[in-house]
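Hi,

Here is the structure we talked about, with a few notes on what turned up in it. Have a look first, then read on.

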Amino acid sequence: MKIDSQKCVGCGRCQHYCTMGAIYFRQTMGKVHAAVNEEECVDCGVCERAKVCPVDALYQPIHDWPRSIRGTFSNPLAEHKETKVPGRGTEEMKTNDVTGRYRPGFVGLAVEMGRPGTGAKMPEIEKVVMALAALGVEFETKNPLTSLIVDRKTGKMHPEAMNEKVLSAIIEMLIPLDQVPRVLQAVKKVAAEINTVFSVDLTSRADENGLSPGALLAAEHGYKISINGKTNLGLGRPLAREV
Amino acid sequence: MSHTLHRRGNEENLKEDIIVFAMSAKGINDKNSKDKLQHFLRIMHRHHPVNMGDMKTGNLFSAGAENIIANVQDTSIVHAVFTSKEEVAKVIKEVKEADLGISVIVSGIMTDVHQICGQVGIKPHTVEHSLGIMGKLSRLPEDELLQITTMCGHGMVSSRLARKMLLEVKRGRLQVEEAAQKLAYPCVCGVFNPARAAKILSQLVDLWCLDEF
Ligand code: SF4
Ligand code: SF4
């Protein structure tokens with residue numbers, strides 16, 4: 001995002017909307033105006049969409065690769081070329097009744113880098129991806145972040161992407177149920193080595209009682225499961241066939 | 001894209017925060033799903049949600065209900081937010097009877113959602129749980145602000161805006177409801193719950209001392 005310093009009247013209305021705290025004030029030839037710290041800005045578009053600028057001074061330049069990564073991961077209105085899904089992830093459990101992506105005996109595990117609200121730089125994301133790759137997890141191929149992993153065995157990410165920062169990026173995996181404690185342990189370990197935050201979640205095909213075998217196993221190993229969550233009601237048709 | 005999963009809060013305020021949403025599966029049942037998604041949204045609208053939306057069009061405050069419904073596409077994800085499980089039970093009953101054949105997801109306190117499923121005769125198909133936040137937790141704002149900002153899972157509601165709105169209410173420049181609506185505005189999917197935000201803000205107004213930041 002950029003601010004036209006000629007137009008800006010320095011009213012400050014846009015500043016609080018910035019998700020990354022990247023809007024600051026400076027003086028150019030005696031005039032005080034707002035400016036965007038481009039290093040920290042993730043091109044999420046929130047400041048512009050807020051429609052608070054009285055003089056239309058905010059504008060989003062069209063960026064080429066690799067800067068374009070920021071917008072596609074941070075602005076939910078930008079559609080990923082790879083998935084055609086707007087936003088940062090896949091359809092995940094939302095359509096599982098129809099797609100059958102998560103089968104009994106398997107668990108979907110997602111590490112949502114930069115959530116909530118801190119954003120994540122690519123080298124931080126790479127650290128977590130590498131820690132997970134070392135365990136031999138299967139990264140979700142339809143997830144846009146997976147397309148930035150150049151070596152799925154080591155978790156090495158595209159070197160040209162390394163200077164980029166995103167509002168959030170979801171590392172999405174499918175793992176056998178019995179691997180949940182091992183993978184979560186690795187996630188917990190790498191959490192201590194990064195300079196940002198992530199949110200973690202588990203998806204399971206519901207058991208007979210409507211409960212999540214993945215979450216039950218995580219709870220057995222001492223992980224705190226939040227009281228709120230998401231339930232797919234199974235009303236989609238055709239229902240996925242399960243073997 | 002678990003945009004409604006990681007809402008922070010406690011039992012008291014999360015019980016008034018239930019999101020019902022629907023989408024079709026790409027390449028399987030998405031063709032001509034637009035009518036079904038519109039039908040779904042009309043059911044939602046009849047039950048007076050506190051917010052609703054479709055990312056491609058906007059939310060109740062930025063776009064308005066009629067606009068949201070009129071602009072639904074086959075690829076839309078359509079949402080509505082409610083504050084009582086009794087109302088959601090009625091909503092889900094109607095959705096089930098409409099037999100639309102699209103995926104329907106409910107976000108809320110798990111035991112409440114399961115109770116609703118039991119009442120309506122639905123067996124949950126797939127469940128997703130949050131394991132919370134890990135990493136450099138010192139970079140996070142106060143949890144009270146996170147309870148507000150995490151109502152937009154895409155991170156469109158800045159904690160700076162939440163702090164600013166609280167300050168405006170404290171100064172008497174905005175009513176809590178107005179401040180909550182301003183907070184709901186950037187959440188393009190319409191999953192932000194302004195009623196819950198207003199309650200949280202009114203509790204904080206008495207408790208918090210704030211200066212300019
Ligand atoms: S695009 Fe997003 S990160 Fe960049 S200045 Fe605007 S609100 Fe801040
Ligand atoms: S809202 Fe517009 S005029 Fe006001 S500080 Fe921001 S860019 Fe400048």
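Which residue forms a salt bridge with Lys165(A)? The partner is Glu40(A), and the closest N and O atoms are 2.7 Å apart. (A salt bridge here is a side-chain nitrogen of Lys or Arg within 4 Å of a carboxyl oxygen of Asp or Glu.) Lys165(A) lies in strand 10 (residues 165-166) and Glu40(A) in the loop between strand 3 (31-36) and helix 1 (46-49) of chain A, so the pair ties together parts 125 residues apart in sequence. Helices (H or I, at least four residues) and strands (E, at least two) are DSSP runs, numbered from the N terminus.

Before going further: this is a predicted model, where local features need pLDDT of at least 70 and side-chain atom pairs count only at pLDDT 80 or more, while totals for chains, interfaces and linings use all residues. Residues are numbered from 1 along each chain as its sequence is written, chains are lettered from A and ligands numbered from 1 in the order written, and side-chain values use heavy atoms, leaving out hydrogens and water.

Lys165(A) is buried at 4% relative accessible area, whereas Glu40(A) is partly exposed at 25%. (Buried is under 20%, exposed over 50%, partly exposed in between, with a 1.4 Å probe and protein chains only.)

Glu92(A) and Lys94(A) also form a salt bridge, at 2.8 Å from N to O. Glu92(A) is buried at 4%, and Lys94(A) is buried at 0%.

Over all chains, the structure holds 28 salt bridges.

Best wishes
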